Amino acid sequence: MAAKNITVDIVIVGAGMVGLTLANLLAKQGKAIAIVDRSEVAAFKDHQQIESRVTAVSPGSQAIFEHVNAWSAMQAKRVSAFQHMHVWDEKGDSQIHFNANDLGRDNLGHIVENFVIQSSLHEVLQQQDKVEWLLPEHINKVIAFQDHAEVELDSGTVLSAKLVVGADGGRSTIRNLAEISYTEKSYQQTGLVALVESEHAHNNTAWQRFLSTGPLALLPINNGQEDNNVCSIVWSVSDDYADELMKLNEYEFADALTQASEMQLGNITLKSKCAAFPLISGQAERMVQARIALVGDAAHALHPLAGQGANLGFTDAAVLADVLQRSSTEWERDIGSLKVLRKYERARVGETKIMQSAMDAFVTAFGSSSGAMVSARNAALRTADSIQPVKKFFMKHAMGLSKSRPGYAR
Ligand SMILES: Cc1cc2nc3c(=O)[nH]c(=O)nc-3n(C[C@H](O)[C@H](O)[C@H](O)COP(=O)(O)OP(=O)(O)OC[C@H]3O[C@@H](n4cnc5c(N)ncnc54)[C@H](O)[C@@H]3O)c2cc1C
């Protein structure tokens, strides 16, 4: 790639699901943006096979995708609505069942392959003309000046902008170059992800069983048949147990999975290779500094048990886009100034910290086999299941439908 000097309003580093969501929102506002990623974004092909990495897209995140016309592009590929969620505990007899009807809605959310989300956002953004694509490219340096920032790429190209956004995931280079410290905690668990086929139909229900070895989620995928029985699993287990499971052949693995699911969907067979992800929680010391903002996993990483990590990132993108829009139109302020960026940070930091504490509490409470803890969590599940206002409160929050949601998520 020949070296160039490019001036835009905002540079976004990371063309993952969160970076591309932000890019679409900003492009729709008419801002000039440059997107840098170390990899190309692959195109979705006709008859593309189902991918095992999926996201439970909340209705709040769906509204953000609708706003930028990316939801219809996702629907045209493959999205799987789920109407129910069933959660139960390996020990004790309590369970909780969520039903979209209780909130007067058609569904609780959609299971969407990460590749469908990313490729659709990419497709839609390619129709915008004030977007510079720098893929694949590597970042060499970021320098923040008084009134702008410069990003120097390995190819020699220099990007100048009012603001640089790090949407480059858990190992964020922008966060490191900006010297923002990051606290990471390992859960000493591994998330095993695979596509499976079950003997019985999943009934458009997201199933989650809490085991003392960690939670198992079966996320329903609609493969266009009447009896849908394909699910993506996220099976969180201790690192040692993950090593044992990964050594099994596919039939032994499927057998262990069938037992772990308590045969809720009958016998299970594997439809894909199993991938393993280390499970960590991470939090950047701050989400912004002058000329720099972090979004998505670059700012915070969560245990996947509540399926909220990417949804938090989509909300970061919506809030940041809203703050930047108001900064340039209502307040007439420099969009990369610390004063403006702190408005974004203040709006996001509370929710991410609460979500992280909640995930830690869940992992501890549901990982314990002590009699007192088992009784307490069974009582908690029973109470939450029987008191409708409590249940509705949890549902609305998990679905990104709380009153405090940003404008783009309404
Ligand atoms: C097993 C598992 C299951 C999950 N399930 C769910 C779920 O159901 N729901 C949910 O909401 N969340 C879920 N999550 C969390 C979710 O996957 C992440 O929160 C989400 O992928 C983060 O997206 P991102 O765009 O911030 O980062 P990433 O997806 O990591 O994207 C980062 C992008 O930046 C690019 N990049 C990185 N470094 C550089 C660099 N130096 N220069 C240029 N480009 C760079 C990468 O190539 C990539 O394109 C799950 C996580 C795991 C591990």
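In which loop is Pro 136 found? Pro 136 is found in the loop between β9 (131-134) and β10 (139-144), where helices (H or I, at least four residues) and strands (E, at least two) are DSSP runs numbered from the N terminus. This is a predicted model, in which local features need pLDDT of at least 70 and side-chain atom pairs count only at pLDDT 80 or more, while totals for chains, interfaces and linings use all residues. Residues are numbered from 1 along each chain as its sequence is written.

**Backbone geometry**
- The peptide bond that leads from Leu 135 to Pro 136 is cis, with omega near -10 degrees.
- Glu 179, in the loop between α5 (173-177) and β14, has a phi near 55 degrees, a positive value in a residue other than glycine.
- Most residues other than glycine have a negative phi, and most peptide bonds are trans.

**Domains**
- The protein is divided into domain 1 (5-82 + 105-184 + 280-409) and domain 2 (187-279), with bounds that come from an automatic or database domain assignment.
- Their contact takes 18 residues from domain 1 and 25 residues from domain 2, two residues being in contact if their C-beta atoms, placed from the backbone, lie within 7 Å.
- On the side of domain 1 that touches domain 2, at least two residues each are supplied by β4, β5 (80-82), β19 (275-284) and α9 (338-367).
- By class, that side of domain 1 has 11 nonpolar, six polar and one charged residues; Ala, Val, Leu, Ile, Met, Phe, Trp, Tyr, Cys and Pro count as nonpolar, Asp, Glu, Lys and Arg as charged, and the others, Gly among them, as polar.

**Ligand shell**
- The ligand is surrounded by 31 residues, of which the closest are Gly 14, Gly 16, Gly 169, Gly 296 and Gly 309; a residue is near a molecule or strand if its C-beta atom, placed from the backbone, lies within 6 Å of it.
- At least two residues of this shell come from each of α1, β4 (54-57), β14 (182-198) and α8 (309-329), and the largest share, four residues, comes from α8.
- Domain 1 and domain 2 each give at least three residues to the shell, which by class has 13 nonpolar, 14 polar and four charged residues.

**Helix packing**
- Helix α1 (residues 17-28) and helix α4 (residues 114-125) pack at an angle of about 25 degrees with their axes 9 Å apart; axes are lines fitted to C-alpha atoms, for helices over the stretch in contact, and angles run from 0 to 180 degrees between N-to-C directions.
- That angle makes α1 roughly parallel to α4, since angles under 35 degrees count as roughly parallel, over 145 as roughly antiparallel, 65 to 115 as roughly perpendicular and the rest as oblique.
- The crossing of α1 and α4 is left-handed, a term used if the near helix is turned anticlockwise from the far one by less than a right angle, with right-handed used if clockwise.
- By class, the contact of α1 with α4 has eight nonpolar, five polar and no charged residues.
- The axes of α1 and α8 come within 9 Å and cross at roughly 25 degrees, which makes α1 roughly parallel to α8, and this crossing is right-handed.
- The contact of α1 with α8 has, by class, 12 nonpolar, two polar and one charged residues.
- Helix α2 (residues 59-67) packs with α8 at an angle of about 45 degrees, with their axes 9 Å apart, which makes α2 oblique to α8.
- Gly 60, Ser 61 and Ile 64 in α2 meet Asn 311, Phe 314, Thr 315 and Ala 318 in α8.
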